[in-house]
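My entries follow the viewer.

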Amino acid sequence: MKILLLEDDLILNEIIEEHLVLQDNEVISTFSGYEAQNYLYSETFDLLLLDVNVPDINGFELLKELRAQNIKTPAIFITSLNMADDMQKGFESGCDDYIKKPFDLKELDLRINNIKRFFNISPQKITIIDEKISLDNENLTIINENKKIQITKKESEVLLYLIKNCSKIVSIEELTLNIWAYEDSPTASTIRTYIKNLRKLIGEDKISNIRGVGYRFNKK
């Protein structure tokens, strides 16, 4: 899992990063709102761990800005602000969970695991699509009954995003904002081509085209 960590306390940042890396996560550590912002608009992440009182842009404002841009990466606030009003402000800015300092690393693990279950974030490099088909997102291949079919990196990312968000319809705009971030945006026609290719490989019934709205991955 790829995690962005925003924490301006050097020691705590190091402790959290080391703990997460030991669990085979990829962690990008940042110490200010601007630094985190630069990464968030140039790379994609599976999870955001955000302190609130950090230099430049505070965590609340940073996440509120991301949500306004339709970037829906799951986010957990890690903060010493523990009043009910602070928690309300955190959830209103778009967070998915809130952990109060000081905390035990086991509590952090529990909250991260809950997010992974809720958003269907798999720590494995192999994502099971059904009993016969799986996606190897490290080697960019779809495995269909032991036959390996090469796909592009963006096709893999599109398919993974649809799988992780199988509970809802995903628009072309949402795919663009969450996968391409601030890279050159693809045309709607390009994304439709990716979807068309994926449907041919995994079965048209796996991805529904909701005309005029977007796409939905059909999880069995």
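**Ground rules**

I am working with a predicted model, where local features need pLDDT of at least 70, side-chain atom pairs count only at pLDDT 80 or more, and totals for chains, interfaces and linings use all residues. Residues are numbered from 1 along each chain as its sequence is written, and side-chain values use heavy atoms, with hydrogens and water left out. Helices (H or I, at least four residues) and strands (E, at least two) are DSSP runs, numbered from the N terminus. Contact means heavy atoms within 4.5 Å. Axes are lines fitted to C-alpha atoms, for helices over the stretch in contact, and angles run from 0 to 180 degrees between N-to-C directions.

**Entry 1: the antiparallel sheet**

Two strands pair if DSSP finds at least two bridges between them.

I then checked the pairings. β6 and β7 (residues 133-136) share three bridges in the antiparallel sense. I126 stands opposite D136 in β7. β8 and β9 run antiparallel and are joined by four bridges. I143 has K148 of β9 as its bridge partner. The hairpin of β8 and β9 has two residues between the strands, and E145 there takes a positive phi near 50°.

**Entry 2: α8 and its partner**

I moved on to α8 (residues 188-202).

I listed the contact residues. From α7 come I172, L175, T176 and W180, and from α8 come A188, I191, R192 and Y194. They divide into six nonpolar, one polar and one charged. Ala, Val, Leu, Ile, Met, Phe, Trp, Tyr, Cys and Pro count as nonpolar, Asp, Glu, Lys and Arg as charged, and the others, Gly among them, as polar.

**Entry 3: the parallel sheet**

An open sheet of five strands has the order β2-β1-β3-β4-β5, with parallel pairing. Its edge strands are β2 (26-30) and β5 (97-100). Neighbouring strands are turned by 15° on average, direction ignored. β1 (residues 2-6) pairs with β2 over five bridges. K2 stands opposite E26 in β2.

Helix α3 (residues 59-68) lies across β1, β3 (47-50), β4 (75-79) and β5. I noted about 170° between α3 and β4.

**Entry 4: aromatic pairs**

I searched the whole structure and found five aromatic pairs. Rings of Phe, Tyr and Trp (its six-membered ring) pair if their centres lie within 6.5 Å; planes under 30 degrees apart count as stacked, over 60 as edge-to-face and the rest as tilted. F60 and F77 have ring centres 5.0 Å apart and planes at 85°, so this pair is edge-to-face. F60 is in α3 and F77 in β4, 17 residues apart.
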